[in-house]
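Biologist: I would like to go through the labels used for this model and ask what stands behind each one. Please set the values against the cut-offs.

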Amino acid sequence: MALAPLIGKLGQHHKLLSTAAYLAALVLLAIFPSFDRRTEIEEHGLIAGYAFSGFDDGWSRRRAEVARKVEASADVPAALTLALRDAELAPHWVNFTTASLAKASMVYTVVPASRGDSREAVVLIIATNWTASSRTMEKASWGLSVGVALAQYLQTVNWLSKDVFIVFVDSSLPYGAGARAWLRNYFGGHSDLRRGVLRQAVVLEAAGKPTSFLLNIEGINGMLPNQDVVNAYMVSAQRESQLPVYHRGVWESVLHHIRNGGVHSTHAPFLELQVPAFTILGKRLASDKRRGLPASNPDSMARSLEGIIRCLSNNVQQLHHSFNFYFFTGSSRHISSGLYLYPLVAMLFPLLSFLVGSPAYRDIRSLLVGFGVIVAVVASGSSIFFLATNGSLHRWSWVPIEGPPSCSLPSSMGDSGLRRRVAAAWLSAGFFAAVVVALILRQFAFGVFSEEIKEGGNEVRGLRLPSPLWEAVRAASGFAFLIAATPLVISSWAVAVPLIVVCVPQLVLARPFSLRRDTDH
């Protein structure tokens, strides 16, 4: 009870205290990478880095021979068919159609486990660019030779306890189309081979001869793989001196989450199915070419992949630890969601303080009318949504198109021009709908509240609000944002950062600007 007077005094200054909490949280948000700590592998069954590689010089020569044969082939499908048959691996081809109605294909093979019972499997995807060009085969030989030679090598080891699928896909297809097609084929019952539960997946994407490798971990909507799997590969890669592997910078990773940059990644379809997966993305920057840096050793990459496959093979069950959200701040350092969530929660305090003191929030009529206005504003933008998702509606617009809308790269300048006109039609429809709703709301605002009537005290029939409509909308918007922001902070922290930093001050401080009132005064 002794704290009651203190709490009462502090409650009188809730606006000041909430503002101080917002500013302090903003400072902590700016320096949150400074609270990182060393990574660790909590899943001890992975036993990362304990074994020596058996991919020796003899296998290096075989890999080099595969690369020469690939470069001498006419195209990637022919090269893969020949290379897999020479390695005594059965190729299984799958033809499919992408979302943009383009015809495509992929090939996969399987390495049976010498100590397993085919109830669990690991997937290794080799993604290279299959688009025909003058240097297609030269660029593809690096990744294809690693995949074929490693598949041939895994047939000879005696430690493999899970079957390994080796899948070769075209990395130029959007939205990880090759991986999605293989998963549809596998789980849809159309696959030539079934090997039980898919536990984990690793993707090697190397377009050309890379000089360094980025561990691309983000999937669609900020989905992340189990951190132990990524850490286990980093341990294997760091044992190879000629294999520079790195993570994105922490703020670059935050921006990548905000832009939903993982939507086209090949490992994203696996994350959607709750299969831990990540991509080893080969990079060759323009600065590397100017400095004459040599390409990374493909044999080192093969040994690092052997290491991670051996780790995943050791753990004959699903992973139990490290299913958390995280950002990497270095090759062996990270910051977990247990630390960086709290600043954003504290930045919501001014909004909570504003709602407590808002008369419109305490009046149920004002709150319901505010929600109705929000629904009307959202409905005004629904025309853009329906035009973007229903191609048949374009027959009523001034830019008719044929076929359903699809997300694909423009094939020509004319195609790009048509897309710009279609986008202009969408925006124009939304703009006109917004103007109509704004005019209706303006007339409605004068009907539900009037300062003259409030001062005179005359009784008026119909719906009347004790505060202006804009205050009702602001209170309803603040309440809706507070309800939506809490789960958003947990599910997609990076997206919540700009929304909370920008929207909270706007909702608390926003005031309408009236030329008529300025003229009257």
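Modeller: Begin with helix axes: they are lines fitted to C-alpha atoms, for helices over the stretch in contact, and angles run from 0 to 180 degrees between N-to-C directions. The model is predicted, so local features need pLDDT of at least 70 and side-chain atom pairs count only at pLDDT 80 or more, while totals for chains, interfaces and linings use all residues. Residues are numbered from 1 along each chain as its sequence is written, and side-chain values use heavy atoms, with hydrogens and water left out.

Biologist: What makes α4 roughly parallel to α5?

Modeller: The axes of α4 (residues 76-86) and α5 (residues 136-154) cross at roughly 30 degrees and come within 11 Å. Angles under 35 degrees count as roughly parallel, over 145 as roughly antiparallel, 65 to 115 as roughly perpendicular and the rest as oblique. Therefore α4 is called roughly parallel to α5. The helices themselves are DSSP runs (H or I, at least four residues), as are strands (E, at least two), numbered from the N terminus.

Biologist: Which residues of α4 and α5 meet?

Modeller: From α4 there are V76, A79, L80, A83 and L84, and from α5 there are T136, M137, A140, L144 and V148; contact means heavy atoms within 4.5 Å. These residues divide into 9 nonpolar, 1 polar and no charged. Here Ala, Val, Leu, Ile, Met, Phe, Trp, Tyr, Cys and Pro count as nonpolar, Asp, Glu, Lys and Arg as charged, and the others, Gly among them, as polar.

Biologist: Why is S18 called buried?

Modeller: Buried means under 20% relative accessible area, exposed over 50%, and partly exposed in between (1.4 Å probe, protein chains only). S18 has 7% relative accessibility, so S18 counts as buried. S18 sits in helix α2 and, apart from neighbours within four places in sequence, is in contact with F349, P350 and S353.

Biologist: Which residues of α13 are buried?

Modeller: In α13 (residues 349-357) they are P350, L351, S353, F354 and L355. Their cover includes α2, α12 (337-346), α14 (359-362), α19 (469-491) and α20 (493-509).

Biologist: Why is F35 called partly exposed?

Modeller: F35 stands at 43% relative accessibility, so the label is partly exposed. F35 belongs to the loop between α2 (14-30) and β1 (37-38). Not counting residues up to four places away in sequence, F35 touches L28, I335 and L339. F35 and T329 are 294 residues apart in sequence, with their C-alpha atoms 9.8 Å apart.

Biologist: What makes A484 partly exposed?

Modeller: The relative accessible area of A484 is 45%, and therefore A484 is partly exposed. A484 is placed in helix α19. From A484 to A496 the C-alpha distance is 9.9 Å, at 12 residues apart in sequence.

Biologist: How do you know that N221 is exposed?

Modeller: N221 has 55% relative accessibility, so N221 counts as exposed. N221 lies in the loop between β7 (212-216) and α7 (227-238). Although not a glycine, N221 has a positive phi of about 55 degrees.

Biologist: Where is S118, and what is its phi?

Modeller: S118 is in the loop between β3 (103-111) and β4 (120-128). Its phi is near 65 degrees, a positive value in a residue other than glycine. With a relative accessible area of 34%, S118 is partly exposed.

Biologist: How many helices and strands does the chain have?

Modeller: The chain has 21 helices and 11 strands. Of its 521 residues, 47% are buried.
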